[in-house]
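Subject: A structure for you to explore

Hi there,

Here is the structure I promised to pass on to you.

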Amino acid sequence: MNSNLCLKIFSAEQTRQADQYTITHEPIASIDLMERASTCFVQAFLRDYSKDQSVKVFCGTGNNGGDGLAIARLLLDADYHVEVYLLGDVEKGTPDFQSNLKKLKGLLAPVWVSDMAVFPTIENGDLVIDALFGSGVSRPVEGIYAECIEAINRSMAKDVIAVDIASGLGCETRYGKGAVMEVSHTVTFQSPKLTQLLPENDVHTGRLDVIDIGLSEEFIRSVAVQQYFLTEAFIKSLLIPRKKYAHKGDAGRSLIVAGSFGKMGAAVLAAQACLRSGVGLLTMQVPECGVDILQTTTPEAMVRADKNSKVNEKFDDLEGFDAIGVGPGIGTEDETAKRLKLLIGSSKVPMVLDADALNILSQHPTWLEYLPKGSVLTPHPGEFARLVGEWDDDAHKLALQMELAQRLDAIVLLKGAHSTVATPDGRLFFNSTGNPGMATGGSGDVLTGMVTAFLAQGYDSLSATLVACFVHGRAGDLFLAEGAEESLIASDLITKTPLVLKCLKSR
């Protein structure tokens, strides 16, 4: 697994080091690197915003402010109506800030906001570019800066676009109760910052675009991190090609235990997703009430009927399976719980545990210790809270997720926007695909089927989880290219999966 194909998530200090290494070894002058970053920002801006909107650029006196001044100049060259407002002691600005201020003064007169009496009126429909503070902020924002940020937050601006990171939002953590800019769009440089991927900071990140500004690849390869952002190139590198003379047994044998009376849809979704993700042979263990449903909707799957007409209470004959998925729609009845315990103790292959399987385990936490090595847990936040308890904030939640993965020697996939995958060795991967339309019933059942399929095909537990997570999200994004978020249903993800895999396997 070549993690260098992922985007590494840097700390503020590592970001500073990457800039400096690039300046020294490319070599390139710092003012020219700033120009390159600003040009990349403007190219992204031009794709999204028309020239009939007024642009107000707010700049501090550090290098983020220098970016803002360069961006303002480039937007003027592109015939946008631009106004620039400066905060802070201009005489103490960084050299690159001073250089860009000198270049801009020949084109317009920036306004120095010394107090709120000269703060501009932001009209309905205006665009605001936030270049007050960059990734180096290390304390709460206060004083005139905080007043300015709060005024922009209250304004009628159509969009607020952050340069690299919203002002007041640190790379690794928010600092106290200082003011933080609320933005609808962030154009961040080179790689995402940890805080930009956390749910609690959605209002301070908005839509996230990550743009390559050409920082040293040599430095990026050499620096050690534990947190990564998935890329298509990385996922492609994990894919296992099928051999010309492969047969169905070579593509893996999966068992999925799913469904109960009234919840057979979960079993159908998991089964169809597993098949569409490439498994060679799939056996579904379902209660008697689900046999006709599975045989009718998913004839490609073999079906094993439980003697119970409504729930699964007998999990046996595990020989010959390469992966076992369990949980979608099984319920939490006592007999089902008892049989899950036996299944965990009997399985000799990795298991994928989701939904009701996790709810049962939250009531019997000691059973977790007997999970087969390399198993995968796929909770949503509610199921995760039942497993580990409540958390103080998103950073604490990530710590709990990593602790659980290490304690169980398992992969823990916490579902949501930018789903996170924690490993026993302390690494954390953030997914880069998906959209809010996927917050719909059955989406998790589809993911369970996908992970189970890739596990059975010979992928290691981490690779199976990462590929499934990325494909699952990309399928949702493909649907969005044709339909509305509100219209997406779980089966749409299955329908789009073949196209996703075809694109990933293309040269």
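**Helix 3 and what follows**

Just after helix 3, D79 has a positive phi of about 70°. Please keep in mind as you read that this is a predicted model.

Helix 3 itself covers residues 63-77, which makes 15 residues. From its first C-alpha to its last it reaches 21 Å, close to the expected 21 Å. Is this helix enclosed or open? Twelve of its 15 residues are buried, so helix 3 is largely enclosed by the rest of the structure. Among the buried ones are G65, G66 and G68, along with D67 and R73.

**Helix 2**

Helix 2 runs over residues 30-48 and has 19 residues. Its span is 28 Å, close to the 27 Å expected at 1.5 Å a residue. The buried residues here include I31, L33, M34, C40, F41 and F45.

**Aromatic pairs**

How many aromatic pairs does a search of the whole structure find? The search gives twelve. In one of them, F10 and F219 have ring centres 6.4 Å apart and planes at 75°, so this pair is edge-to-face. F10 sits in the loop between strand 1 and helix 1, while F219 belongs to helix 6, so the pair ties together parts that are 209 residues apart in sequence. Both F10 and F219 are buried.

F234 and F429 make a stacked pair, with 6.2 Å from centre to centre and 10° between the planes. Here F234 comes from helix 7 and F429 from strand 18, so the pair links parts that lie 195 residues apart in sequence. F234 is buried, with a relative accessible area of 0%, and F429 also counts as buried at 0%.

**Cysteines**

A disulfide is a covalent bond between the sulfur atoms of two cysteines. The count for this structure comes to zero. C171, for example, is in no disulfide, and the nearest cysteine sulfur, that of C40, is 18 Å away. C171 is buried, with a relative accessible area of 1%, whereas C289 counts as partly exposed at 26%.

Enjoy exploring, and do write back with any questions!

Best wishes

Key:
Residues are numbered from 1 along each chain as its sequence is written. This is a predicted model: local features need pLDDT of at least 70, side-chain atom pairs count only at pLDDT 80 or more; totals for chains, interfaces and linings use all residues. Side-chain values use heavy atoms; hydrogens and water are left out. Helices (H or I, at least four residues) and strands (E, at least two) are DSSP runs, numbered from the N terminus. The expected span of a helix is 1.5 Å times one less than its number of residues. Buried means under 20% relative accessible area, exposed over 50%, partly exposed in between (1.4 Å probe, protein chains only). Rings of Phe, Tyr and Trp (its six-membered ring) pair if their centres lie within 6.5 Å; planes under 30 degrees apart count as stacked, over 60 as edge-to-face and the rest as tilted. A disulfide is a pair of cysteine sulfur atoms within 2.5 Å.
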